[in-house]
Amino acid sequence: MSNSYFPLFYDITDWNICFFGAGAVAERRIKTLLKYPCKIYIISEKATKVIEEMAQKGTLIWIKEEITMDKGKQQIMEIWQNIKWKKQYQKYFLKEKDFQMVFACTNQREINQMIYEYCKLQGIRVNIADCRQQSDFYFPGLLKCEDLVIGVTGNGKNHKKVKQVMDKLRKLFC
């Protein structure tokens with residue numbers, strides 16, 4: 001597998017970022033994203049203890065909703081529509097009334113597939129945790145300290161090597 005992804009750095013100020021699923025993978029990515037001025041929404045019936053605590057503090061919005069295959073894409077569309085117009089959530093949508101980025105981090109392949117298909121139809125950037133080929137972008141190892149933001153990713157074959165490089169960069173720059 002070649003490494004054909006081009007690294008870009010976006011200004012994600014005020015972006016609405018949605019996570020379907022709230023397990024360990026989502027938690028790691030959320031912790032990284034919280035270093036940036038974006039708004040994070042979790043759609044999941046259950047969450048890790050850390051995510052629950054973040055929601056209680058108001059650090060992110062947790063919408064306790066189970067995503068099921070029996071309702072399919074219609075359910076995802078309904079959730080989007082409900083979020084957009086419920087008064088309790090309106091204050092969080094400053095720039096646009098939609099998500100600029102979605103992470104499908106459920107432990108069910110079929111549901112992640114459904115989220116992927118819906119996002120592609122809507123033109124929303126999507127990262128599918130269990131299927132690299134369906135991801136519009138990868139979530140790199142990130143180092144943010146002082147005036148630097150450094151991102152490192154590989155071709156998906158050697159996560160250990162990426163971690164080793166990140167450890168060396170942390171020692172060198174932070």
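The following dialogue goes through how features of this predicted model are classified.

Tutor: This is a predicted model, in which local features need pLDDT of at least 70 and side-chain atom pairs count only at pLDDT 80 or more, while totals for chains, interfaces and linings use all residues. Residues are numbered from 1 along each chain as its sequence is written, and side-chain values use heavy atoms, with hydrogens and water left out.

Student: What makes up the secondary structure of the protein?

Tutor: There are 6 helices and 7 strands. Helices (H or I, at least four residues) and strands (E, at least two) are DSSP runs, numbered from the N terminus. In order from the N terminus, the elements run β-α-β-α-β-α-α-β-α-β-β-β-α.

Student: How much of the protein counts as buried?

Tutor: Of its 174 residues, 41% count as buried. Buried means under 20% relative accessible area, exposed over 50%, and partly exposed in between (1.4 Å probe, protein chains only). The accessible surface is about 10,600 Å², and 51% of that belongs to carbon and sulfur atoms. Such areas come from the Shrake-Rupley method with a 1.4 Å probe; for residues, only the protein chains shown count as cover.

Student: Which residues of helix H6 are buried?

Tutor: Val162, Met166 and Leu169 are the buried residues of H6. Seen down the axis of H6, its buried residues fall within an arc of 60°, so they line one face of the helix. The arc is that of the directions from the helix axis to the C-beta atoms. An α-helix has 3.6 residues a turn, so residues three or four places apart point the same way.

Student: What do the buried residues of H6 pack against, and what does the face turned away from the buried side carry?

Tutor: The buried residues of H6 pack against strand E6 (141-145) and strand E7 (148-152). Contact here means heavy atoms within 4.5 Å. The face turned away carries the exposed residues Lys160, Lys161, Lys163, Lys168, Lys171 and Leu172.

Student: How does the reach of H6 compare with what is expected?

Tutor: H6 covers residues 159-173, 15 residues in all, and reaches 21 Å from its first C-alpha to its last. The expected span is 1.5 Å times one less than the number of residues. For H6 the expected value is 21 Å, and the reach is close to that.

Student: Why is the pair Lys31 and Glu27 called a salt bridge?

Tutor: A salt bridge is a side-chain nitrogen of Lys or Arg within 4 Å of a carboxyl oxygen of Asp or Glu. The closest N and O atoms of Lys31 and Glu27 are 3.3 Å apart, and the pair therefore meets the definition. Being 4 residues apart in helix H1 (residues 24-33), the two are separated by about one helical turn. Glu27, at 14%, is buried, whereas Lys31, at 43%, is partly exposed.

Student: How many salt bridges are found in the whole structure, and which parts of the chain does the pair Asp130 and Arg109 link?

Tutor: The search finds 6. Asp130 and Arg109 meet at 3.0 Å, N to O. This pair links distant parts of the chain: Asp130 is in the loop between strand E5 (125-128) and E6, and Arg109 is in helix H5 (residues 109-122), 21 residues apart. Asp130, at 38% relative accessible area, is partly exposed, and Arg109, at 31%, also counts as partly exposed.

Student: Where do Arg170 and Asp167 lie, and what network includes them?

Tutor: Both lie in helix H6, 3 residues apart, about one turn of the helix. Lys163, Asp167 and Arg170 are linked in a network of salt bridges.
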